[in-house]
There are 2 protein chains.
Amino acid sequence: MPELRKDPIVGRWVIISTDRAKRPTDFAREEVKIKGGFCPFCYGNEGKTPPEIQAYRPNPNGGPTPQRDTPGWTVRVVPNKFPALGIEGTLNRQAEGMFDKMNGVGAHEVVIETPDHHATLAMLPPKRIEDVLWTFRDRILDLKKDRRFKYILIFKNHGEAAGASLEHSHSQLIALPIIPIYVNDELDGSKQYFTYKERCVFCDIIHQESEAGIRVVAENEDFITIAPFAPRFPFETWILPKQHESAFEHSSSQMFENLARAIKLLLMKADRVLDNPPYNLVIHSSPVQDPVNDYYHWHIEFMPKLTKTAGFEWGTGFYINPTPPEESAKFLREASVEEMSPVTAG
Amino acid sequence: MPELRKDPIVGRWVIISTDRAKRPTDFAREEVKIKGGFCPFCYGNEGKTPPEIQAYRPNPNGGPTPQRDTPGWTVRVVPNKFPALGIEGTLNRQAEGMFDKMNGVGAHEVVIETPDHHATLAMLPPKRIEDVLWTFRDRILDLKKDRRFKYILIFKNHGEAAGASLEHSHSQLIALPIIPIYVNDELDGSKQYFTYKERCVFCDIIHQESEAGIRVVAENEDFITIAPFAPRFPFETWILPKQHESAFEHSSSQMFENLARAIKLLLMKADRVLDNPPYNLVIHSSPVQDPVNDYYHWHIEFMPKLTKTAGFEWGTGFYINPTPPEESAKFLREASVEEMSPVTAG
């Protein structure tokens with residue numbers, strides 16, 4: 001069973017994989033190459049993943065009920081074959097002298113976004129992206145029944161430089177008994193802001209950015225896409241719901257429709273401007289046990305992996321960003337991509 | 001002039017380089033290759049760096065006083081040719097609506113650790129490493145006179161995968177008008193711990209680790225080298241002074257001697273166990289305007305760059321570490337390297 005351990009100085013939890021520990025020789029010096037050839041996420045290879053947790057299988061003609069773990073799905077969710085956490089057991093919170101630890105209990109799932117091995121998320125029709133978003137919601141609603149879990153993290157690594165180990169387009173979901181430290185920092189910060197101003201800091205940002213326009217990338221009825229004022233990375237971009245809402249899973253069907261459009265538009269623009277960059281995409285939402293509140297505003301953070309400045313920043317949290325967000329927003333805003341429907345930008 | 005901007009949610013400051021902004025096409029997709037051929041840090045090329053700030057030039061035979069910016073030095077400090085911050089001007093703190101910013105005023109210096117192009121820090125004699133440490137101290141004492149600066153960051157990127165752009169062994173120093181967020185988190189956390197326990201959290205860690213021994217890598221009269229209980233990265237290792245001391249620059253000459261030995265030993269062991277890994281090394285010390293306190297304990301954090309898990313972790317602060325610190329400590333502890341003097345390990 002992996003272990004969750006807390007740093008006693010800053011309070012950050014980390015997962016220590018005690019089971020399949022890496023020895024020094026296990027760290028390949030070369031770049032991790034995405035495996036070619038056999039793909040466990042393609043049709044016909046359903047038996048090569050752990051049994052599916054859920055799948056969308058359109059059955060328009062009312063034929064025989066489709067079988068689990070067979071082709072015909074459009075989105076498929078399976079447990080991660082090499083999970084970072086174990087699903088069974090109790091947390092068993094313990095001290096080790098002055099230190100704190102607990103069992104690495106949690107869920108680690110993979111959302112296979114399309115049966116098409118060569119399609120990227122940016123290439124999928126908006127309706128298919130919507131299906132992926134509904135799948136996220138379904139999984140959150142299912143997993144939040146488990147009271148051991150405090151946070152459900154949804155993220156996507158695209159491209160090997162961004163940490164993807166399989167080429168076939170997929171996202172990941174990790175349900176955790178703790179809250180990741182950056183999300184905690186955001187929760188604390190937005191709580192403090194709310195205590196003082198009685199306004200949501202994200203709502204204030206949306207209001208100011210929308211007025212100024214210079215950091216706006218795109219906008220539709222429900223979502224605004226902006227380059228944040230103090231981004232850590234070049235071309236870091238956030239997608240936020242315009243109306244205050246603390247949890248992703250509370251979105252209406254209209255919102256998922258517009259979110260799918262906003263995601264597709266941003267990814268297409270990024271592909272255009274940055275020549276198909278590797279990227280990470282993370283959903284920041286309220287903790288599952290506090291899903292309705294006035295101070296936190298769920299959003300998506302998109303970070304293309306363009307620079308290689310990782311090491312020093314890890315030691316300090318101090319980032320030097322060579323691209324002002326006003327410029328990255330302008331490049332993305334002005335990039336013309338084949339559009340499904342008109343989008344206004346400030 | 002670069003700009004310092006504060007994220008209004010978590011309070012993290014970042015540097016935005018507004019002057020030499022990178023356009024999308026400036027981000028080379030390939031790995032940054034360390035430049036071969038001409039090296040501005042070698043003897044004879046002193047004119048290719050900005051004029052030196054200080055240098056050690058042994059002059060044992062009492063010959064003519066050596067000239068600045070000529071060969072003969074053993075450690076040389078020059079301004080960074082492409083500084084992240086500008087040294088001139090006032091901070092000019094300003095609001096931009098709800099946002100906070102100031103001029104990117106600061107110092108950015110390079111410490112060339114040796115005239116030998118092919119020597120790594122691990123290969124230098126302890127005495128030469130000591131000279132580097134004295135150089136850090138000299139620069140801190142000089143820069144802390146400038147009341148615009150709140151923090152002086154000293155770090156080393158070794159190897160291109162760790163962000164080094166020149167092969168010739170060097171460290172960097174950045175003087176900042178703000179405190180980097182991780183250091184701030186450590187300051188806050190250790191303050192809280194002290195408020196409750198009236199003990200330094202680092203002193204408690206040293207005491208417990210020293211008793212248990214399982215995460216101890218090495219030890220000498222003044223320093224202990226440990227794998228922390230909840231490390232973010234495989235083989236992350238800290239070097240801490242055994243006696244409570246909040247600021248690096250207060251170290252005695254005996255301490256610098258023993259610190260040089262501890263650093264050399266750790267780097268040699270890491271080279272042996274991990275086959276000359278790229279790494280980052282950062283000194284965490286108290287803010288220059290609060291150099292004597294009971295709660296913060298300066299230390300060095302050493303992070304070999306072995307995994308490629310950067311992207312997702314940036315979005316969450318949530319780390320999955322495949323190597324338990326008990327194992328990394330054991331590997332490093334047991335690695336035999338040619339030693340200058342006996343070292344005991346728990």
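Me: What share of the 346 residues in chain A is buried?

Reply: A residue is buried if 20 or more other C-beta atoms lie within 10 Å of its own. In this predicted model, buried residues make up 50% of chain A.

Me: How many helices and strands does chain A have?

Reply: Chain A has 6 helices and 15 strands. Its radius of gyration is 20 Å, close to the 20 Å from the globule rule for 346 residues, so chain A is as compact as a globular protein of that length. The C-alpha trace spans about 60 × 50 × 45 Å along its principal axes.

Me: What part of the contacts in chain A with a separation of 6 or more links residues 24 or more positions apart?

Reply: Such pairs account for 71% of those contacts.

Me: How do I read a sheet?

Reply: Strands of a sheet pair through backbone hydrogen bonds, either parallel or antiparallel. Chain B has an open sheet of 10 strands with antiparallel pairing, in the order S3-S4-S7-S9-S8-S13-S14-S12-S11-S10. At the edges are strand S3 (54-56) and S10 of chain B, each of which pairs on one side only. On average, neighbouring strands of this sheet are turned by 20° against each other, direction ignored.

Me: Which helix packs on that sheet?

Reply: Helix H3 (residues 201-212) of chain B does, touching S10, S11, S12 and strand S14 (299-304) of chain B. The direction of H3 makes about 75° with that of S11(B).

Me: How many bridges hold the pair S8 and S9 of chain B?

Reply: Strand S8 (residues 151-158) and strand S9 (residues 170-176) of chain B pair in the antiparallel sense over 5 bridges. Within S9(B), Gln172(B) is the residue opposite Phe155(B).

Me: How do I read the buried side of a helix?

Reply: An α-helix has 3.6 residues a turn, so residues three or four places apart point the same way. For a case, take helix H6 (residues 325-334) of chain B, where the buried residues are Pro325(B), Glu327(B), Ser328(B), Ala329(B), Leu332(B) and Arg333(B).

Me: What do the buried residues of H6(B) pack against?

Reply: They pack against strand S10 (216-219), strand S11 (223-226), strand S12 (237-241) and helix H4 (253-274) of chain B. In chain A, the cover over the buried residues of H6(A) includes strands S10, S11 and S12 and helix H4 of chain A.

Me: Is Tyr196(B) buried or exposed?

Reply: Tyr196(B), found in helix H2 of chain B, counts as exposed because it has 9 C-beta neighbours inside 10 Å; the cut-off for exposed is 12 or fewer. Its C-alpha atom is separated by 30 Å from that of Asp7(B), 189 residues apart along the chain.

Me: Which strands are joined between the chains?

Reply: Strand S15 (residues 319-321) of chain A and strand S2 (residues 13-16) of chain B run parallel and are joined by 3 bridges. Ile320(A) has Ile15(B) as its bridge partner in S2(B).

Technical notes: Residues numbered from 1 in each chain as written. Chains lettered and ligands numbered in written order. Predicted model: local features only at pLDDT ≥ 70, side-chain atom pairs only at ≥ 80, totals over all residues. Pairing = 2+ DSSP bridges. Helix = DSSP H or I, 4+ residues; strand = E, 2+ residues; numbered from the N terminus. Rg over C-alpha atoms; globule rule 2.2 N^0.38 Å. Contact = placed C-beta atoms within 7 Å. Axes fitted to C-alpha atoms, helices over the stretch in contact; angles between N-to-C directions.
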